[in-house]
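Please open the model in a viewer and keep a selection tool at hand.

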Amino acid sequence: MTIALIANPSAGGRKGSRAIPKVENHLRRHGIEYRIFITQYHAHAMDIARKLTLGKYDGVVSLGGDGTNFHLLNGLMKYHDPATLPPLGIIPVGSGNSFARDLGIYTTADGIRALIMGETRPVDVCSFTQDGQPWYFVNLAGFGFVTDVAQTAHQFKRFGDFSYVIGVFHRMLGLRFHRMQLELDGRRIDGENCFVEFCNSRHTGGKMLMAPEAKIDDGWFDVVVVGPMSRRSLMATFPKIFKGTHGQNPAVRFYRAKTASVKTDLPKTLLPDGELFGSTPTQVAIDPRRVRYFA
């Protein structure tokens, strides 16, 4: 097996730089040939993926976090024929590593083991529009309070998963709501809103079970719509997300859809796969089992 290894040394508060030599050593020991590409700037993984000669590789693997995988995925989907893509892989060293959990990959050792075993599974790919162009995600994309939290968490990435907890409590102090118009497969859902998440997989922010029933290969994305609630209610509900029981709060509603269209009273920044990128209005769609991941 020969893989293209796209490594982000800045992932996880520079955890990526410490992981690179260890991962290379493991790959050599197990007879996996590789060519390594080191990212030099934000979104460099997309530029690297765009220029890859895919016929040379049996797999394309990101060593990084959800954001690294996001840029890698978009470099492949936007500039190559999706039908010709080799299997993708993740060696998680980011702050959250949310999507990798749905592949059963929790550590770098798990990611390497998945490559050694060589088994893959199909994964749905979701897309959202910006300026008429599609962008792709496999974890989730949201807007509202969740984006505000991510902006704060980014400043505390050195704390790993806990950075998201810091973000929640910081942003709770200035809690604001917005009005939206949301259509899910033609069904209209309007009103004031705290946040919305379009979820292909279950987790966000590491161990938070945002969409406990979501499946990465069922041809649907799960939509979590959270309406206005008091700070006290949000404070009581937040810990439940780690067990996926936040739906006990009547302000939290779950839907399942194949297409979505959303507008907000003011443009809201999007958060696809942990990246602050794009804004409302946007349209969301799903392409069932579009890619395969080592798992």
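This is a predicted model: local features need pLDDT of at least 70, side-chain atom pairs count only at pLDDT 80 or more; totals for chains, interfaces and linings use all residues.

Residues are numbered from 1 along each chain as its sequence is written, and side-chain values use heavy atoms, with hydrogens and water left out.

**Stop 1: surface charge**

Select R14, K15, R18 and K22, which form a patch of positive charge on the surface. Patches consist of residues with over 30% relative accessible area and no salt bridge, like charges being joined within 9 Å and nonpolar side chains (Val, Leu, Ile, Met, Phe, Trp, Tyr) within 5 Å. Lys and Arg count as positive and Asp and Glu as negative, whereas His and the chain ends are not counted. The place of a charge is NZ of Lys, CZ of Arg, CG of Asp or CD of Glu. Accessible areas come from the Shrake-Rupley method with a 1.4 Å probe, and for residues only the protein chains shown count as cover.

Now centre on K15, which belongs to helix α1 (residues 11–29). Helices (H or I, at least four residues) and strands (E, at least two) are DSSP runs, numbered from the N terminus. K15 has a relative accessible area of 35% and is therefore partly exposed; buried means under 20%, exposed over 50%, and partly exposed in between (1.4 Å probe, protein chains only).

**Stop 2: aromatic rings**

Rings of Phe, Tyr and Trp (its six-membered ring) pair if their centres lie within 6.5 Å; planes under 30 degrees apart count as stacked, over 60 as edge-to-face and the rest as tilted. The count by this rule is 6 aromatic pairs. Select F128 and F137: the ring centres are 6.2 Å apart and the planes stand at 45°, so this pair is tilted. Both residues are buried.

How are the rings of F238 and F242 arranged? Their centres are 5.6 Å apart and their planes at 75°, so the pair is edge-to-face. F238 is buried at 11% relative accessibility, whereas F242 is partly exposed at 36%.

**Stop 3: salt bridges**

The structure contains 6 salt bridges, each being a side-chain nitrogen of Lys or Arg within 4 Å of a carboxyl oxygen of Asp or Glu. Select D102 and R202, whose side chains form one of them (3.5 Å, N to O). This pair connects distant parts of the chain, 100 residues apart: D102 is in helix α4 (residues 98–102), and R202 is in the loop between β10 (195–199) and β11 (203–204). D102 is buried at 11% relative accessibility, while R202 is partly exposed at 27%.

Next, select R256 and D222, which meet in a salt bridge (3.1 Å, N to O). R256 lies in strand β14 (residues 252–257) and D222 in strand β13 (residues 221–226), so the bridge ties together parts 34 residues apart in sequence. R256 is partly exposed, at 40%; D222 is buried, at 5%.

Move on to R188 and D190, a salt bridge whose closest N and O atoms are 3.0 Å apart. R188 is partly exposed at 47% relative accessibility, and D190 is partly exposed at 42%.

**Stop 4: a strand residue**

Finally, select V262 in strand β15 (residues 259–264). Is V262 buried or exposed? At 1% relative accessibility, V262 counts as buried.
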